[in-house]
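Please look at the sequence and the structure before reading on. The report below is meant for a reader who has not seen this protein before.

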Amino acid sequence: MIKLRLKRFGKKREASFRLVACNSTSRRDGRPLQELGFYNPRTKETRLDTEAIRERLGQGAQPTDVVRTLLERGGLLEKTVRPAETVGKAKQAAKREADAKQAAKEAAEAKAAAAEAKAAEAAASDSSESESTEG
């Protein structure tokens, strides 16, 4: 299967990427079938060979997630919501909701404990006042 992926090049910590079409079993920086564009993540510069990319997509090439977002930004692919995104967002929302419930429960418990302590303190001060008035 042909993949559209990024091939890293450039200096250490100054990476740039070439968008390439290659066999899915080949190494990341192996020899590509065709170079289709360029992406620099530090300057956000992107250059795409639109005709060649459309041709490869027409042949059934599958882009990786990062390449897919680059192609969506470039207008070559329509933005689609992937199932993994939907599941991930649902999980995040459920976790936020559970955390909020847990925080509310802890706050209620802390408030109840504070009220209980205040009541115990008031009862202790009332008993000490009554002992001092009797004596």
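This is a predicted model: local features need pLDDT of at least 70, side-chain atom pairs count only at pLDDT 80 or more; totals for chains, interfaces and linings use all residues.

Residues are numbered from 1 along each chain as its sequence is written, and side-chain values use heavy atoms, with hydrogens and water left out.

## Overall shape

The protein contains 3 helices and 5 strands. Here helices (H or I, at least four residues) and strands (E, at least two) are DSSP runs, numbered from the N terminus. Their order along the sequence is β-β-β-β-α-β-α-α.

The radius of gyration of the protein is 31 Å, whereas a compact globule of 135 residues would have one near 14 Å. That radius is taken over C-alpha atoms, and the globule rule is 2.2 Å times the number of residues to the power 0.38. Along the principal axes, the C-alpha atoms fill a box of roughly 100 × 35 × 25 Å. One pair of residues illustrates these dimensions. A124, which is in helix 3, is 123 residues from M1 in sequence and 79 Å from M1 in space, C-alpha to C-alpha.

Of the 135 residues, 22% count as buried. Buried means under 20% relative accessible area, exposed over 50%, and partly exposed in between (1.4 Å probe, protein chains only). A124 is partly exposed, at 43%. The protein exposes about 10,000 Å², of which carbon and sulfur atoms supply 52%; these areas come from the Shrake-Rupley method with a 1.4 Å probe.

Among contacts with a separation of 6 or more, 29% come from residues 24 or more positions apart. A contact means heavy atoms within 4.5 Å.

## Charges and salt bridges

The protein has 28 positive and 21 negative side chains, and the centres of the two sets lie 17 Å apart. Lys and Arg count as positive and Asp and Glu as negative, while His and the chain ends are not counted. Each charge is placed at NZ of Lys, CZ of Arg, CG of Asp or CD of Glu.

The structure holds 5 salt bridges, a salt bridge being a side-chain nitrogen of Lys or Arg within 4 Å of a carboxyl oxygen of Asp or Glu. The table lists some of them.

| Acidic residue | Basic residue | Closest N to O |
| E14 | R42 | 4.0 Å |
| D99 | K95 | 3.3 Å |

E14 and R42 form a salt bridge. E14 lies in strand 2 (residues 14–23) and R42 in the loop between strand 3 (34–40) and strand 4 (45–48), so this bridge ties together parts that are 28 residues apart in sequence. E14 is partly exposed, at 36% relative accessibility, and R42 is exposed, at 55%.

K95 and D99 both belong to helix 3 (residues 83–134), where they are 4 residues apart, about one turn of the helix. K95 is exposed, with a relative accessible area of 53%, while D99 is partly exposed at 42%.

## Helix 2

Helix 2 spans residues 65–74 and includes R68. Its buried residues are V67, R68, L70, L71 and E72. They pack against strand 1 (2–11), strand 2, strand 3, strand 4, helix 1 (50–58) and strand 5 (62–63).

R68 is buried but has no salt bridge. The nearest side chain of opposite charge, E72, is 4.8 Å away. Not counting residues up to four places away in sequence, R68 touches P63, L77, T80 and R82. After helix 2 comes G75, which has a positive phi near 85 degrees.

Most residues other than glycine have a negative phi. R13 is not a glycine, yet its phi is positive, about 60 degrees. R13 lies in the loop between strand 1 and strand 2 and is exposed, with a relative accessible area of 80%.

K44 is not a glycine either, and its phi is also positive, about 60 degrees. K44 sits in the loop between strand 3 and strand 4 and is exposed, at 57% relative accessibility.
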